[in-house]
Amino acid sequence: MYTSLDRIDIVTERDDGRPLYVLTDHRTTAEMEEELDLSIVLALSRVLTVRRHAESADKAGDIRTACMERPPDALGHAIASAGSEVEVGDELVQYDDSGDPYALLDQAMARLAARTAAEEGIALDPDGLRAYERHAHAFAYDRDEDEIGWFTTLVRVAAVAGEVLRDVLHGHWGPDTQDFSFLAYTFVDGEGRLTNVLGRCERLLLHGPEQGPSVLLHVVADQEVEAGPLLPNLKRHDYGGLDRI
């Protein structure tokens, strides 16, 4: 299926020396179709993050998603809209590349959240999010042993958290313009503020529910408070947002 969402499978060059970043997908068409929304989220995560990496490193190039079998039209459209070629076997397959990949991501995340909630028997509300956090951590995969399971769990939790936050922040999934997230997207509220949901999902899997995205609901509540205690927020010396603090 996939390796890491935050790594590139192969880096090579075209004949003219332009970088070519290759992502691979070894699933069958039926396997892609079976979990289509998850497939769209994972594919967009990979392509958009590779694009961000290439641009930030001043090594802009072409991106190719190499598949064992032809992706369903909706998946191929999402991949192409994010700026990646689609290769099946040794042939490039053309898909409609129009549309906003972040809008497609937002829609797929909403559908993934609904499916996850139905499968887990939870409501898309704060209590349902907390229950799913406990479940996800209790049965969490080890990233070193099963990256597919680890990233699948992470994006499912993020999808559920995003729908709960959407209800209170009136926001959507969009581009991470401040490099908060380890992937190229984050949750953007109705006023354009960024909330690093994915970072909290990563903490959940590593450290437990008390570090999960439901903590962000307290942050939302605190926005209505005029004053409060001064709290330190420690960052690494190379944190990219220092100039915006």
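Two strands pair if DSSP finds at least two bridges between them. In this predicted model, strands β1 and β2 form a hairpin with five residues between them.

- Strand β1, residues 10-13, pairs with β2 in the antiparallel sense over four bridges.
- Across this pairing, T12 stands opposite L20 in β2.
- In the hairpin turn, G17 has a positive phi of about 90°.
- On β2 there is also a parallel pairing, in which six bridges join β2 to strand β3, residues 62-67.
- Here T24 has A66 in β3 as its bridge partner.
- Strand β2 spans residues 19-25 and is mostly covered, with six of its seven residues buried.

- Four bridges hold the antiparallel pairing of β6 with strand β7, residues 185-188.
- One of the bridge pairs is P175 with Y185 in β7.

- R18 and D62 meet through their side chains in a salt bridge of 3.0 Å, N to O.
- This pair links the loop between β1 and β2, where R18 sits, to strand β3, which holds D62, 44 residues apart.
- R18 counts as partly exposed because its relative accessibility is 34%.
- The side chains of E35 and R156 form a salt bridge of 2.5 Å, N to O.
- E35 is in the loop between α1 (29-34) and α2 (36-56) and R156 is in helix α6, so the link spans 121 residues, with E35 partly exposed at a relative accessible area of 28%.
- R156 has a relative accessible area of 10% and is therefore buried.
- R111 and D37 form a salt bridge whose closest N and O atoms are 2.6 Å apart.
- Because R111 lies in helix α4 (residues 101-120) and D37 in helix α2, the pair ties together parts 74 residues apart in sequence.
- R111 is partly exposed at 40% relative accessibility, whereas D37 is buried at 18%.
- Salt bridges that share partners join R14, R18, D62, R64, E85 and E87 into one network.

Notes: Residues are numbered from 1 along each chain as its sequence is written. This is a predicted model: local features need pLDDT of at least 70, side-chain atom pairs count only at pLDDT 80 or more; totals for chains, interfaces and linings use all residues. Side-chain values use heavy atoms; hydrogens and water are left out. Buried means under 20% relative accessible area, exposed over 50%, partly exposed in between (1.4 Å probe, protein chains only). Helices (H or I, at least four residues) and strands (E, at least two) are DSSP runs, numbered from the N terminus. A salt bridge is a side-chain nitrogen of Lys or Arg within 4 Å of a carboxyl oxygen of Asp or Glu.
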